[in-house]
Amino acid sequence: MMNNKDPKLLLQSAPLLRQELTTPAAMKDVWIALLPATAAALWFFGLGALLILITSIAGAVLTEWVFTDKDKRRFAMSDTSAGLTGLLLGLTLPPGLPLWMAFLGGSVSIGLGKVIWGGLGSNLFNPALLGRAFLLGTFPIAMTTWGAAGGPGDFFQIHSSNLAWPFMQGQYDALSTATPLGLMKFEHETTALSSLFLGNTAGSIGETSSLLLLFGGVFLLFRRGIEWRIPAAIFLTASLFSLAMLLINGADSNYPSPLFTLFSGGLLLGTFFMATDPVTSPLTPKGCWIFGIGIGFLVVLIRLYGGLPEGMLYAILLMNAATPLIDRYTQPKIFGRKS
Amino acid sequence: MATDSSAYEEMIKGLWRDNPVFVQVLGMCPMLAVTNSAINAVVMGLATFFVLVGSSFLVSSFKQWIPKQVRISLYIIIIATFVTVVDYSLLALLPAIHKELGAFIPLIVANCMILGRQEAFASKHNVKYAVMDAVGMSGGFMIALFALGSVREILGVGAFFGIDLFGTNFESWVIMILPPGGFLTLGLLLLFFNWFTERRREFLLKVAESDRMAYVDGDK
């Protein structure tokens with residue numbers, strides 16, 4: 001028997017130095033980082049939002065459970081990545097969405113976004129965003145009907161549209177309002193930066209409070225859970241590009257300021273929690289810069305000239321598709337080799 | 001009787017084991033383009049059935065007079081003849097559906113499943129086998145079209161053959177009647193088909209193994 005306690009004789013096989021960051025630990029960090037923004041979302045949108053988050057997580061976890069081999073189930077599901085995908089998807093959904101759609105979205109995220117590619121680490125696209133893209137293509141009206149953010153007074157109020165029967169339309173009880181991005185695009189109205197910062201605006205469940213999303217993002221950066229180059233590249237490109245457009249076109253048109261670009265819509269949520277997904281972003285430092293610059297450029301381009309007010313979803317998905325190519329062309333030179 | 005059972009075999013193989021869509025993955029263009037409703041899918045299936053059976057019959061009957069060097073163009077001419085017949089018949093009988101299917105009726109000429117059957121089967125077998133094979137293949141094609149069309153119509157508009165299933169409150173899955181829905185549904189059907197085939201093979205292997213073990217045990 002080998003005595004591990006004898007300090008003079010440590011018998012171990014390589015690797016001798018192990019990184020403490022395992023997949024479950026990394027996932028736990030992301031859960032913690034999302035906590036403040038999720039709590040703020042519940043504050044603004046009440047129990048309905050909580051139900052949406054729970055159903056989309058349930059859809060994701062159940063799908064993972066059904067489509068994973070019985071022998072591998074315990075191991076594959078112990079990293080909680082399926083639930084995290086469900087939470088991320090839920091945070092991108094409008095608060096008045098019928099619950100069955102949230103469940104369907106969670107199940108599509110995992111089924112078509114992850115399991116079909118071969119499980120964790122094999123997918124080309126971010127699963128949560130794939131689920132959202134599916135929902136946006138399938139139910140375009142329900143996915144773009146936004147309720148106003150409420151206060152703590154109507155916390156227990158659940159939208160009647162949330163409780164629609166499966167396959168049935170939601171009956172919307174309140175007048176729908178426009179998101180800051182929608183106001184900017186269609187009405188040429190700017191929303192005050194302070195309300196964008198605190199999150200007291202209409203929008204998807206998780207994309208309201210910029211401040212708390214920034215907290216989560218910075219926490220992840222400090223924990224080295226995410227690659228810093230990607231957010232840096234996105235922020236730089238998006239703000240510089242929108243500043244350039246603003247300067248070229250003049251201030252009185254529908255060209256937003258760089259700060260509005262950064263703090264409105266899903267840009268922060270997408271940047272910190274979806275673009276930096278280690279599976280679907282490039283591996284090389286140079287590749288990360290290219291990836292981030294591409295997203296920052298595309299998101300401003302889609303917001304200004306596309307048909308939709310928000311472009312983060314398709315910007316990230318398009319750059320996800322380009323990731324293998326970026327990886328191939330940014331491989332570092334082997335030391336001593338000529339080319 | 002032996003020949004009859006093998007002719008029957010030629011027909012059955014197209015329905016399931018060599019299904020032109022699910023196994024050979026041929027004829028994808030009409031498969032994806034016209035299956036946004038069940039009735040369109042069935043009419044397309046019937047048109048393909050007529051064209052494939054007719055041209056297999058002609059190609060097989062004329063096979064000794066078709067020179068090898070120009071066979072493809074001759075097949076195309078034969079197929080195009082039947083397609084023209086179908087085109088004008090549909091225009092006369094079902095003008096509404098003819099309008100909806102549009103360019104995809106003339107495009108049956110370019111369906112590689114039809115040309116493939118002439119090249120691979122009809123030109124090498126006698127008339128009876130060729131016709132049975134064509135019936136099976138186009139039957140399999142029709143089953144696949146019908147499956148895709150039904151799923152897309154039920155989810156996309158909440159109806160089946162135009163009959164409303166869910167009432168007025170139904171939330172239609174817009175993506176299902178658009179091209180991405182065709183790709184998505186076809187992919188999922190292929191997935192299911194392959195999964196089923198795999199399971200069946202595993203099951204048969206298991207049965208064979210247990211039979212063998214029983215035999216070995218009995219021997220002892």
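Two residues are in contact if their C-beta atoms, placed from the backbone, lie within 7 Å. This is a predicted model, in which local features need pLDDT of at least 70, side-chain atom pairs count only at pLDDT 80 or more, and totals for chains, interfaces and linings use all residues. Residues are numbered from 1 along each chain as its sequence is written, and chains are lettered from A and ligands numbered from 1 in the order in which they are written.

Start where the chains meet. Eight residues of chain A and eight residues of chain B make the contact. On the chain A side, five are nonpolar (Ala, Val, Leu, Ile, Met, Phe, Trp, Tyr, Cys or Pro), three are polar (the others, Gly among them) and none is charged (Asp, Glu, Lys or Arg).

Next, select residues 229–249 of chain A. This is helix α9, with 21 residues; helices (H or I, at least four residues) and strands (E, at least two) are DSSP runs, numbered from the N terminus. Its buried residues (20 or more other C-beta atoms within 10 Å of their own, placed from the backbone) include Ile230(A), Ile234(A) and Phe241(A). Among the elements covering the buried residues of α9(A) are α8 (210–222) and α12 (285–305) of chain A. Just past α9(A), Gly250(A) has a positive phi of about 90 degrees.

Now show chain B, which has nine helices and two strands. Of its 220 residues, 35% count as buried.

Finally, select Gly102(B), in the loop between α5 (95–101) and α6 (112–122) of chain B. Gly102(B) counts as exposed (12 or fewer such neighbours) because it has 11 C-beta neighbours inside 10 Å.

Conventions
The expected span of a helix is 1.5 Å times one less than its number of residues.
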